[in-house]
Amino acid sequence: MALSSKGFMTRALHAEGHHKPFNAHNMPIFQTSTFYFDSPEHGADLFSGKQQGHIYTRIGNPTVEAYERVVSSLEGGDEAVAFSSGLAVIYASIMSFAEQGDHVISGDTLYGPSIHLIGDVMARSGIESTFIDTSDLEAVKRSIRPNTKVVFLETPANPTCRITDIRAVSELAHANGAIGVVDGTFATPRFQLPLELGADISLHSTTKFINGHGDIVGGIATASEDRAKVIRKFRTDTGACVSPMDAFLSLRGVRTLGIRMERQNANALVIAKFLGSHPKVSRVYYHGLPNDPGYGVAMKQMSGFGCTFSFDMAGGYDAAKDLLKGVEIMTLAVSLGTVDTLIQHPASMTHASVPPEIMKQQGLTPEMVRIHVGLEEPEDIIAELSKAFEAV
Ligand code: PLP
């Protein structure tokens, strides 16, 4: 059944394929490390690639592959490769295409640990990096060197929702022989398709929206067949495979990604407008509001805005921390992408490890609060925020 022309929800529900072992309707969890061979010849043929089949779960597993088929269909790519975490998939997607002596350009507004991964860990392998504002195309142009192999960016970026023009940056990368890698965790394939916009690898921390229920840690990259093959080999060699159980939970989650994102996006717009009009909030960072600097590019390249964004408390750092004391329905926790609302303080939590000068460069303020809006009725979240504001 050719599904590529079907709608998002149809693909989310059916791209894994109907023919499952033992006529199971739901894809079973292949909770096994290894797979037996029918004969010594069979084993040898699987290893040499003469026959297709399963050998060992670090190399491949039917539950993991069913989940990868769904994500690659939603992304409009040839193949997806699932990983044990978002950081593992970023590492693999860059290191598969850069080596000692190469240069990587990275957005400067990123999830804090991604900055360490690129700036410190990859530097130990002799890979140079330059962190810039990738929404500034002139800065991207200026930073490209003859040895630039990868341009990596997060859009919308965590936590300021800075928006980068994926098509324009991918074109600049390609013109200089580099590839464009997009971390689209905040958008998901429901709202943004980096491969269609010209990027070479689209990746996500699946810990977030793709799983959606906050019960796994994972990552996934989608690319053309030849690039996916290189990334898959990197995964096999480094061992950062996702477990069959986590792949099962992600597959279950991704089936409802479309409707979750649509509803959470609608709720987020209501809450962002409320925050934007509150006297104790000095700024809202949400590309879904027409006065946001990212609105224009977001309208061009996204079909929805997502539901994770930030706002500054007019009362400064202490006010931001005090607001979080009023949390009851919302959960005071890092992460995002869950069905319920999470709230946190980036400067002392997710981005605490980012050096102050980079925080400033990122536009991350000490008074910033990040909210991930869930599926609760927005009026209940607004009531709780209103009460918490009163106490600040
Ligand atoms: N990318 C983004 C945008 C994130 O927000 C995160 C984590 O919050 C990651 C990557 C890292 O993902 P993980 O925690 O699954 O390794």
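Predicted model: local features only at pLDDT ≥ 70, side-chain atom pairs only at ≥ 80, totals over all residues.
Which backbone oxygen lies 2.9 Å from a polar atom of the side chain of Gln 192?

View 1. The backbone oxygen belongs to Thr 155, and 2.9 Å separates it from a polar atom of the Gln 192 side chain. To find Gln 192, look in the loop between helix H8 (188-191) and strand E6 (201-205). Gln 192 has a relative accessible area of 1%, so it counts as buried.

View 2. Welcome to the second largest pocket, where the ligand sits. Around the ligand are 14 residues, and the closest are Gly 86, Asp 183, Ser 205, Thr 207 and Lys 208. Helix H4 (residues 86-95) gives the most to this shell, with three residues. Sorted by class, the shell has seven polar, four nonpolar and three charged residues.

**View 3. Polar side chains facing ligand oxygens.** A polar side-chain atom of Thr 207 lies 2.6 Å from an oxygen atom of the ligand. For Ser 205, the distance from a polar side-chain atom to a ligand oxygen is 2.8 Å, and for Asn 158 it is 3.0 Å. On its own the ligand has 390 Å² of accessible area, and the protein covers 91% of it.

View 4. Most peptide bonds are trans, and most residues other than glycine have a negative phi. Follow the loop between strand E4 (148-154) and helix H7 (166-175), where Pro 156 lies. A cis peptide bond joins Thr 155 and Pro 156, with omega about -10°. Pro 159 lies in the loop between E4 and H7 too, and the bond to Pro 159 from Asn 158 is cis, with omega near 5°. Cys 161 also has its place between E4 and H7, and its phi is positive, about 60°, although it is not a glycine. With a relative accessible area of 1%, Cys 161 is buried.

**View 5. Asn 23, a positive phi in an exposed residue.** Asn 23 is found in the loop between helix H1 (8-14) and helix H2 (40-48). Its phi is near 60°, a positive value in a residue other than glycine. Is Asn 23 buried or exposed? Its relative accessibility is 75%, so Asn 23 counts as exposed.

**View 6. Cys 241 and Ala 88.** Cys 241 lies in the loop between helix H9 (225-238) and helix H10 (244-254). Although 153 residues separate Cys 241 from Ala 88 in sequence, their C-alpha atoms are 8.9 Å apart in space. Cys 241 counts as partly exposed, at 21% relative accessibility.

How values were computed
Residues numbered from 1 in each chain as written. Heavy atoms only, no water. Near = heavy atom within 4 Å. Polar contact = N/O pair within 3.5 Å; in protein donor to acceptor, adjacent residues only side chain to side chain. Areas by Shrake-Rupley, 256 points an atom, 1.4 Å probe, with all protein chains shown as cover. 1 Å grid on protein atoms, 1.4 Å probe; cavity = no way out; pocket = protein on both sides within 12 Å on 5 of 7 lines; lining within 4 Å. Sits in = over half its atoms within 2 Å of the grid points. Helix = DSSP H or I, 4+ residues; strand = E, 2+ residues; numbered from the N terminus. Nonpolar A, V, L, I, M, F, W, Y, C, P; charged D, E, K, R; others polar. Buried < 20%, exposed > 50% of the residue type's maximum accessible area, 1.4 Å probe, protein only.
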